[in-house]
Amino acid sequence: QRPRFTLDDRLPADHLAKALRADVASGLTAEPKTLPPKWFYDARGSELFEQITRLPEYYPTRAEQEILTRRAPEIAALTRAGTLFELGSGSSTKTRLLLDALTAAGTLSCYAPLDVSPSALEQAGTALVRDYPGLRVAATVTDFEADLTLPPDAPGPRLIAFLGSTIGNLDPEQRASFYRSLRRTLSADDALLLGADLAKDPEVLVRAYDDSAGVTAEFNKNVLNVIDRELDADFDPEAFAHVALWNEQEQRIEMHLRSLRAQSVKVPALDLSVDFAPDELMRTEISCKFRRDSLTTELAAAGLTVRHWWTDPAARFALLLAVP
Ligand code: AVJ
């Protein structure tokens, strides 16, 4: 009998170390300076993000969960998925809503999460095989932005879930190329389940990314701790302030770190010394907010047709089902 939990590690051992070095080298020498948001999520950052999802101001997680709670049976009936793929280690709450509905529909045999973190996959996978006796869990360690090849032996139809509005971290060009690689991966019976945060009152948006308890500020500054630890840099997180702002032109929330004074930061692993001017902003994340018409149009441009569009009662967040 084959094991019900398997983990396929597709990343070379030094992949993440190399990717971090490349990102930090190019981001800190760019004008303006930037750092990609994927480096927020070390153990501490992942814990802080969990706390963010429970903040009163941060509505997206709860709104998406509301939609899933209500629509999971419908999603199961529409897709009749044999395998649920999930891009990024989802919160187990959301994953389980889908697994419950697909199990009840009687179609599901496999859950296939893809993530860069083997430990996150290990943890989620072992709990799921324990709680879902008929389920095979085929986890893949990969950077799906670079490689979206899905495990080939998973039974169809396939439902690919990309939840939590992580899509908002990509700019329009990155989204277009991501949709195209998704489109290439999908067969006729497959479907994409995409969670997207919607444009709304900028004050509500800014509050969601600048909470009164300061958790998001700590989350933002944590990326400096990651760089200090991994690249032996000497960033002082206390010398930067958290900034969250609404960029109306680009329809996105941006998080920045603002240098509180003139300072020079050393990154010995990269042989780099970086100067910051007082009040200089370094962008650490974009979180694009969407509208139904433009999101439908950009998916259509890649050959993906939106078949269903569901929102929470307050229409803060959307979950959509698209097909090739
Ligand atoms: C996980 C990327 C969806 O953009 O809302 C939360 C990350 N950043 N608070 C988001 C995040 C600050 C989150 N995503």
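The model is a predicted one, in which local features need pLDDT of at least 70 and side-chain atom pairs count only at pLDDT 80 or more, while totals for chains, interfaces and linings use all residues. Residues are numbered from 1 along each chain as its sequence is written.

**The first annotated site**

Tyr 209 is found in helix H7, residues 202-209; helices (H or I, at least four residues) and strands (E, at least two) are DSSP runs numbered from the N terminus. If its neighbours within four places in sequence are left aside, Tyr 209 is in contact with Thr 216, Ala 244, Ile 253, Met 255 and Ser 287, where contact means that the C-beta atoms of two residues, placed from the backbone, lie within 7 Å. An unreviewed UniProt entry lists Tyr 209 under "binding site" together with Tyr 58, Asn 169, Glu 285, Ile 286 and Ser 287; UniProt positions follow the numbering used here, feature names are shortened, and annotations may be inferred rather than shown by experiment.

Now display S11 with its partners: 3 strands form an open sheet in the order S7-S8-S11, with antiparallel pairing, two strands being paired if DSSP finds at least two bridges between them. The edge strands, each pairing on one side only, are S7 (240-247) and S11, and the twist averages 20 degrees from one strand to the next. Between S7 and strand S8 (residues 252-259), which run antiparallel, there are 8 bridges, and Leu 245 stands opposite Glu 254 in S8.

H7 packs on this sheet, touching S7, S8 and S11, and its direction makes about 155 degrees with that of S7; axes here are lines fitted to C-alpha atoms, for helices over the stretch in contact, and angles run from 0 to 180 degrees between N-to-C directions. Helix H8 (residues 215-231) lies across S7, S8 and S11 as well, running at about 115 degrees to S7.

**The second annotated site**

Another "binding site" annotation in the unreviewed UniProt entry covers Gly 88, Lys 94, Asp 115, Asp 143 and Phe 144. Select Lys 94 in helix H4, residues 92-105; this lysine counts as buried because it has 21 C-beta neighbours inside 10 Å, and, not counting residues up to four places away in sequence, Lys 94 touches Glu 64, Gln 65, Leu 68 and Leu 163.

Asp 143, by contrast, is found in the loop between strand S4 (136-141) and strand S5 (158-162). Asp 143 is partly exposed, with 16 other C-beta atoms within 10 Å, and it touches Leu 11 and Val 116, not counting residues up to four places away in sequence.

**The nonpolar cores**

Which residues touch the most other members of the largest nonpolar core? Of its 63 residues, they are Leu 84, Phe 85, Leu 98, Ile 160, Ala 161, Leu 192 and Leu 193, a core being a set of buried Ala, Val, Leu, Ile, Met, Phe, Trp, Tyr and Cys residues joined through C-beta atoms within 7 Å. Centre the view on Leu 84, whose contacts, not counting residues up to four places away in sequence, include Leu 98, Leu 108, Tyr 111 and Leu 159. A second, separate core of 19 residues includes Leu 35, Leu 48, Leu 224 and Val 226.

**Backbone details to finish**

Most residues other than glycine have a negative phi, and most peptide bonds are trans. A cis peptide bond joins Glu 31 and Pro 32, with omega about -5 degrees, and Pro 32 lies in the loop between helix H1 (15-29) and helix H2 (43-53). The bond from Gly 156 to Pro 157 is also cis, with omega near -15 degrees, and Pro 157 has its place in the loop between S4 and S5.

End at Asp 232, in the loop between H8 and S7, where phi is near 60 degrees, a positive value in a residue other than glycine; Asp 232 is exposed, with 12 other C-beta atoms within 10 Å.

Terms used
Buried ≥ 20, exposed ≤ 12 C-beta atoms within 10 Å, placed from the backbone.
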